[in-house]
Amino acid sequence: MSVQEYLDKHMLSRKIEDAVNAAVRAKTPDPVLFISNHMKKAVPSVITKVKARQILDSRGIPTVEVDLFTNKGMFRASVPSGDSTGMYEAFELRDGDKGTYLGHAVTKSVRNINEKISEALVGMDPTLQRQIDQALTDLDKTEKKSELGANAILAVSIAACKAGAAEKEVPLYKHISDVSGKSKATSTLPVPAFTVIHGGKMSGNSLPIKNIIILPTGASRFEEALQMGSETYHHLKAVITEKYGVLGCNVGEDGGFAPNISSLEEGLDIVQEAIGRTGYNDRIKIGIDVAATEFCIGTKYDLEFKSPNKSGQNFKSGEDMIQMYKELCIDYPIQFIEDPFDKEDWEHSKHFCSLGLCQVVGDDLLMSNPKRIERAIRESACNSLLLKINQIGTVTEAIDVVKMAKEANWGVVVSHRYGETDDSYIADLAVALGAGQIKAGAPCRGERLAKYNQLLRIEEELGDEAVYAGEDWRSAS
């Protein structure tokens, strides 16, 4: 399109005349700035350019970053990555060349954005998120986004969402709420689920489960919840130093400590001791991310899977695991158990969920996959969705699975990944969708705190309208 054709199409001569007249009426001391701002509002914003690059995530592993340009400016997004990918989640495209970043490079995804996606999106209205996401999925043509890569598609989807908010001159969480179809923007701040103890296959201790988590449900505001989490974390560091030495305070990939503990009860006891030292006591609940798929062998669960000298006494059936969870829920203030069974162990998941002992969160069981979520709702296999947006691949698809969960009266936990960036997008997403909880790691490490600090800013911006989910995490809206 030539310059003259562009001027004619957008009737810019008339709009420039209107801007000049408006500047005269306003008696502005800086007419050039006034006219410039007036014209930005007068001319509809469109996507003019999409540029991607390879950056490193919090583990030093490549991931995708996108700069999306409109006449309002440049909008940047980067995508997280998990420590493993499941067969039911969207496909993360990597190069596979072992000679470069050990096969983890993402130059194929970057090239797909720069050469294919950019061409398809230039000229689109950034406020039309569903149309943009539909264009991205149509361009890929595969169910799991394996042609272009879910990492490529999601980075562009998030960047476009940020551009849409800027075009409408509203906060990001407000724009996401609009995209979700809500008539009134939500103002609920989620309960932070802080990782404090690491176990599982990612740590060097003998703790079989993946993480121990604290949830300050008794706070009155998110700001207080963050303070409670931080203080408990530092008291826990002192407890670990006293009992296990300073080496026990080394942190894992999302900031939790990994002391040399040998049992789940031992880990829960030191967390309880740290909570006691803060004086918060009943105001802080405990969660456990079991990640039972990691130690499921056939139909049994090997709680000694990391021990070189196995006794064989901790090789448990599904019924044994249910009994263990029952006892734990009696002995400790456990509100939250994530993936208590293998991702294909639907029967024991259903049985345990039916007991109503705690929040049963589906991660590996669901993988943010709509078909898996539909089955879990139908069979009552869990009562809470762990949403990882890179498992599904676009903003609008994430919105839609949250709607499914909420219609089933489930809780929603918006989650980070082990491989994170400093992009704080999931903080706005959690508020926009009324998620009752957010799991973004420990109150430690910059890529984790980026999310928590953004929630502080949102709460400040909402002012008196802000509501902390607290004990009502499940009914947040």
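Reply: Two strands count as paired if DSSP finds at least two bridges between them. Strands (E, at least two residues) and helices (H or I, at least four) are DSSP runs, numbered from the N terminus. The model is predicted, so local features need pLDDT of at least 70 and side-chain atom pairs count only at pLDDT 80 or more, while totals for chains, interfaces and linings use all residues. Residues are numbered from 1 along each chain as its sequence is written, and side-chain values use heavy atoms, with hydrogens and water left out.

The part I pick is the sheet of β1, β2 and β3. Its three strands form an open sheet in the order β1-β2-β3, with antiparallel pairing. β1 (47–56) and β3 (73–78) are the edge strands; each has a single partner, so one side of each is left without a neighbour in the sheet. On average, neighbouring strands here are turned by 20 degrees against each other, direction ignored. For these angles, axes are lines fitted to C-alpha atoms (for helices over the stretch in contact), and the angle between N-to-C directions runs from 0 to 180 degrees. In general, strands of a sheet pair through backbone hydrogen bonds, either parallel or antiparallel.

Now the pairs. β1 and β2 (residues 62–70) are antiparallel over nine bridges. The hairpin between them has five residues between the strands, and Gly60 takes a positive phi near 80 degrees in it. β2 then runs antiparallel to β3, joined by six bridges. The hairpin from β2 to β3 passes through two residues.

β2 is mostly covered, with eight of its nine residues buried. Buried means under 20% relative accessible area, exposed means over 50%, and partly exposed lies in between (1.4 Å probe, protein chains only). Val66 is found in β2. Its relative accessible area is 0%, which means Val66 is buried. Leaving out residues up to four places away in sequence, Val66 touches Val50, Lys51, Ala52, Phe75, Arg76, Ala77, Ile113, Ala155, Val156 and Ala159. Contact means heavy atoms within 4.5 Å. The C-alpha atoms of Val66 and Val79 are 9.0 Å apart, at 13 residues along the chain.

Two helices lie across the sheet strands. Helix α4 (residues 107–121) lies across β1 and β2, at about 175 degrees to β1.

α4 has 15 residues and reaches 20 Å from its first C-alpha to its last, close to the 21 Å expected at 1.5 Å a residue. That expected span is 1.5 Å times one less than the number of residues. α4 bends by about 35 degrees at Ile113; the bend is the angle between axes fitted to the seven residues ending there and the seven starting there. Ile113 is among the buried residues of α4, together with Ser109, Val110, Asn112, Ile117, Ser118 and Leu121. Ile113 also touches Val66. The buried residues of α4 pack against β1, β2, α5 (129–140) and α6. After α4 comes Gly123, with a positive phi near 100 degrees.

From α5 the packing leads on to another helix. α5 and α13 (residues 395–407) pack at about 110 degrees, their axes 8 Å apart. The two helices are therefore roughly perpendicular. Here 65 to 115 degrees counts as roughly perpendicular, under 35 as roughly parallel, over 145 as roughly antiparallel and the rest as oblique. On the α5 side the contact is made by Gln129, Arg130, Asp133 and Thr137, and on the α13 side by Val395, Thr396, Glu397, Ile399, Asp400 and Lys403.

β12 (residues 334–338) and β13 pair in the parallel sense over three bridges. There, Ile337 stands opposite Val360 in β13. From β13 (residues 359–362), Gln359 and Val361 point one way and Val360 and Gly362 the other, and all are buried.
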